[in-house]
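Here are some notes for a colleague who has not seen this structure before. Please read them beside the sequence and the model.

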Amino acid sequence: MFYREAGQFKTSYAADQAIYPIRQDKIGILILFGFSLLAIPFIAPIYWLNSILIPFLIFSLAALGLNILTGYCGQLSLGTGGFMACGAFFSYKLATAMPDTNILIVFLLAGLGTALVGVLFGLPSLRIKGFYLAVATLAAQFFLIWMFNKFSWWTNHSPSGVISAPPRAVFGDIDVTSASASPEAKYVFLLLLVSFLALIAKNMVRSRIGRSWMAIRDMDIAAEIIGIRPMLAKLSAFAVSSFFIGVSGALWAFTYSGSVEALAFEINRSFEVLFMIIIGGLGAIMGSFLGAAFIVLLPIALDTIPLLLGLPLSVETVAHLRLIIFGALIIFFLIVEPHGLARLWQIGKEKLRLWPFPY
Amino acid sequence: MNDISSQIPAEAAGTRQPERRFGEPLLTVENISLSFGGLQALTDISFDILEQEIRAIIGPNGAGKTSMLNVINGFYHPQKGTITYKGNIRRTMRPHMAAAQGIARTFQNVALFKGMSTLDNIMTGRLLKMHNLRAPETGVFGLDQVLRWGAGALDFVTQCLYWGPNEKEETRQRAYCEEIVDFLEIQAIRKTPVGRLPYGLQKRVELARALAMEPELLLLDEPMAGMNVEEKEDMSRFILDVNEEFGTTVALIEHDMGVVMDISDRVVVLDYGRKLADGRPDEVRSDRGVIDAYLGVAH
Amino acid sequence: MNLKHLAIGVVCSLGSIPVVGLLLQQLAEAAPNDIFFGWDFYIEVVVTGLLQGVMYALVALGFVLIFKASAIFNFAQGAMVLFAALAMVGFIEMGLHWTLAFLLAAVVMIIVAILIERVVLRPMVNQEPIILFMATIGIFFVLDGLGQTIWGSNVKALDIGISQTPWFVLQGEFFPGGLRLIPTEVVAAVVGALTVTLLAVLFQYTKVGRALRAVADDHQAALSVGIPLKFIWAIVWSVAGIVGLVAGVMWGTSLGVQFSLSLIALKALPVLILGGFTSIPGAIVGGLIVGVGEQVGEVFIGPLFGGAIQDWFAYMLAMIFLLFRPQGLFGERIIERV
């Protein structure tokens with residue numbers, strides 16, 4: 001009834017190429033953003049901010065990064081955890097070496113450093129494809145974690161191998177990093193940063209560079225024959241993707257956990273992010289957010305439900321059951337909707353467009 | 001060579017003139033041999049393609065036609081022989097370099113970007129023509145390269161922000177693509193994901209993508225395979241129109257002899273990787289070797 | 001098949017052993033503080049690596065079988081190894097003899113295979129490979145969780161009557177103390193060789209084997225000549241499960257049955273990219289190369305980097321190798337067609 005594009009005529013190609021060509025979408029997203037920015041920090045309980053919203057935003061960013069590489073450019077990667085670790089440790093070294101630098105610049109540099117590492121480990125993609133490449137990215141995963149674990153230089157020789165993010169402020173004196181910052185400030189900072197980066201990602205995928213990624217993904221031979229340089233397209237996808245993942249790793253260390261060790265970015269982290277984009281939807285910016293929300297909320301729901309039902313289960317059993325349910329849900333999801341939540345969202349919108357009339 | 005003219009009956013060729021003049025050779029292949037391990041795919045092939053002509057390559061299955069196209073656009077590298085394109089002998093190159101020199105191509109099995117819409121597919125064909133920013137040419141050694149990198153970086157930033165030059169360029173190129181959309185009569189499907197389109201339309205979108213490259217030489221690999229009579233007529237009309245209106249040189253592989261005889265100016269016949277005949281359609285049609293190859297008379 | 005490739009691969013691999021030895025000798029002279037090099041010690045490390053490699057190859061075999069028959073990259077192979085080993089330990093704990101426990105565990109793996117085929121694979125026919133790959137990660141989680149829920153998560157010893165005391169053979173001038181061999185590993189090598197021979201016979205000479213090869217070549221075509229695809233898949237997953245059980249027993253006896261077994265299986269991945277996803281001899285030779293490379297790397301090069309390079313050495317080895325030969329050791333040269 002309310003979701004109609006009838007009557008909205010476009011008179012220029014620019015208007016037709018806008019991010020949200022349908023007016024209702026544009027209004028909806030603005031309301032959502034306004035609500036998240038102006039209302040949530042005041043009404044959400046601390047627990048929500050710390051354990052749901054902040055990790056959700058950070059994971060969304062990581063998923064966005066992996067989605068660029070895997071969903072848009074078609075290069076399967078299992079090295080996400082390693083690249084997140086890069087971002088975390090690079091930013092730690094930078095922030096402690098240059099205490100007066102603005103933290104945003106630190107994150108930017110850490111992201112760029114990670115992009116460089118990503119390009120390095122992306123080089124095999126020029127010769128190998130598919131699962132062979134996936135295994136090659138495992139080399140990045142294991143090597144990077146080993147490196148951060150082995151050489152105490154990365155942790156400023158901390159005896160426990162744990163790095164503690166120093167407090168840093170933005171906009172003058174608002175602390176946004178380390179455990180001492182207020183959750184509200186961290187949340188708003190993350191929301192703005194992640195939204196901005198998501199906008200950039202969206203712009204990229206609807207510009208020239210995004211089209212060259214998708215062309216490589218869909219049919220690499222045809223892409224090369226219409227003039228796309230596979231090397232440039234693949235390596236730029238690795239760079240941009242690693243940049244996003246690196247920044248998310250930095251944010252993980254600086255805002256979410258405050259102190260972190262290399263083992264926090266193990267292979268399981270890579271799988272977690274991969275699940276997000278599969279469940280959310282490959283090749284959909286929206287999907288990265290939906291998938292991140294799903295994976296962040298699922299364990300919380302799994303922990304809460306037995307409590308609510310009053311089942312007396314041991315912690316260990318719950319952990320194992322969680323594995324089973326997690327695995328089963330993923331299989332279920334893949335069977336029911338292999339294109340992810342983003343596709344469901346799309347179908348929902350198409351239905352809504354017609355509702356309440358069937359045609 | 002300039003006086004070769006086609007002998008196609010006017011009614012089959014639509015609006016084209018029965019007498020046409022062609023330009024200089026656009027592409028000349030000489031003594032090309034290509035093998036994969038022990039398998040000899042092409043042996044000592046020579047022919048040329050003149051500017052503005054429609055050149056057909058025919059032959060039985062496995063004759064090496066597609067391999068020939070692959071050699072022309074740099075996908076395969078022949079072991080022997082030379083290719084001269086626009087008067088320059090070509091060195092070994094990658095397909096994207098061929099694309100930059102104006103060679104476009106469609107495929108035997110449709111090779112569209114399945115995850116993208118029709119319009120995005122065509123826009124992807126414009127990639128080489130899109131420049132948000134251009135570096136000024138100073139002529140100073142070294143400085144030009146630096147400027148080009150700088151422009152590339154700035155270009156990337158404008159793409160990230162979808163702002164200013166990028167938006168203008170996208171709109172400008174969109175307008176060009178819409179012209180092709182109109183030309184090929186695919187307005188209704190411009191936002192449909194190409195995976196959902198029927199086969200005949202997919203072939204048409206693929207042609208649109210190739211045209212978006214503004215090619216000088218258009219290679220078509222079985223543009224009419226699997227089509228019904230009407231679709232074939234449409235496609236023939238499009239090919240002739242492209243040739244006529246844009247002056248694009250066309251080299252096509254086709255199995256439908258009726259179509260080949262009707263629309264092509266000259267035909268080269270391959271069999272078992274060797275050249276069997278070369279000439280005007282009527283000459284080729286009456287060639288003894290060609291008839292043997294097609295009807296399977298013992299060699 | 002491509003016996004020529006196999007022969008070349010084996011000769012090159014064997015030939016590289018003394019070459020690498022010489023290089024290491026030079027390296028040891030250059031950095032005498034970090035590295036100790038002696039030829040007898042080197043040979044011992046190589047032999048240990050070879051035996052270790054057979055164990056990797058056993059895990060890799062399971063991957064290859066499934067990839068060959070269904071083009072599925074089965075990430076759950078490691079979890080299947082763990083699950084099988086846990087099941088067998090469970091039966092032994094119930095007081096059964098280990099041979100009986102082995103058979104029962106094999107039955108369990110067949111049931112698991114049938115269930116996977118029914119519940120997961122059948123509804124997902126014709127999905128893209130990446131989706132199927134994700135589904136196997138789902139299976140990985142389910143099997144991991146299920147195994148630990150049923151049999152607990154503490155480390156269990158698996159004893160099938162092989163002594164753990166090392167043997168010393170070939171005592172003489174070259175090996176003053178004798179060549180040190182771990183019995184478990186020797187048994188594993190023999191069992192591995194037997195398994196491979198058995199599989200080769202199964203693939204080459206039986207009706208089911210011919211059907212398997214047909215399915216591996218082209219699902220649709222196999223289906224159209226009346227090969228029961230679902231049955232074949234169930235068989236392949238069962239065989240992979242039993243190979244996993246064999247691998248699990250071998251790893252379990254040397255390391256104990258524990259959660260980390262399912263992660264050790266990840267080491268089979270570089271083996272696969274070295275050998276090629278579809279080649280059984282490739283899995284064996286790849287396993288040997290990774291086993292030896294890892295041992296030699298850890299013992300002789302590791303000290304330069306502070307050790308523990310085992311975590312990634314195999315992957316790097318495989319990755320660098322791929323840069324030069326993208327099709328793996330035994331793959332045919334890839335000719336792309338359009």
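Leaving aside neighbours within four places in sequence, which residues is Tyr13(A) in contact with?

1. Tyr13(A) is in contact with Thr171(B), Arg174(B) and Ala175(B); contact requires C-beta atoms, placed from the backbone, within 7 Å. Tyr13(A) belongs to helix H1 (residues 13-16) of chain A, a helix being a DSSP run (H or I) of at least four residues, numbered from the N terminus. Tyr13(A) is partly exposed because 16 other C-beta atoms lie within 10 Å (20 or more would be buried, 12 or fewer exposed).

2. The model is predicted: local features need pLDDT of at least 70 and side-chain atom pairs 80 or more, while totals for chains, interfaces and linings use all residues. Residues are numbered from 1 along each chain as written, with chains lettered from A and ligands numbered from 1 in the order written.

3. Chain B contains ten helices and ten strands, strands being DSSP runs (E) of at least two residues. Of its 299 residues, 43% count as buried.

4. An open sheet of six strands in chain B has the order E6-E7-E8-E3-E9-E10, with mixed pairing; strands pair if DSSP finds at least two bridges between them. Its edge strands are E6 (103-105) and E10 (274-279), each pairing on one side only.

5. Within chain B, strands E3 (residues 54-58) and E9 (residues 266-271) pair in the parallel sense over four bridges. Arg55(B) stands opposite Arg266(B) in E9(B).

Methods
Contact = placed C-beta atoms within 7 Å.
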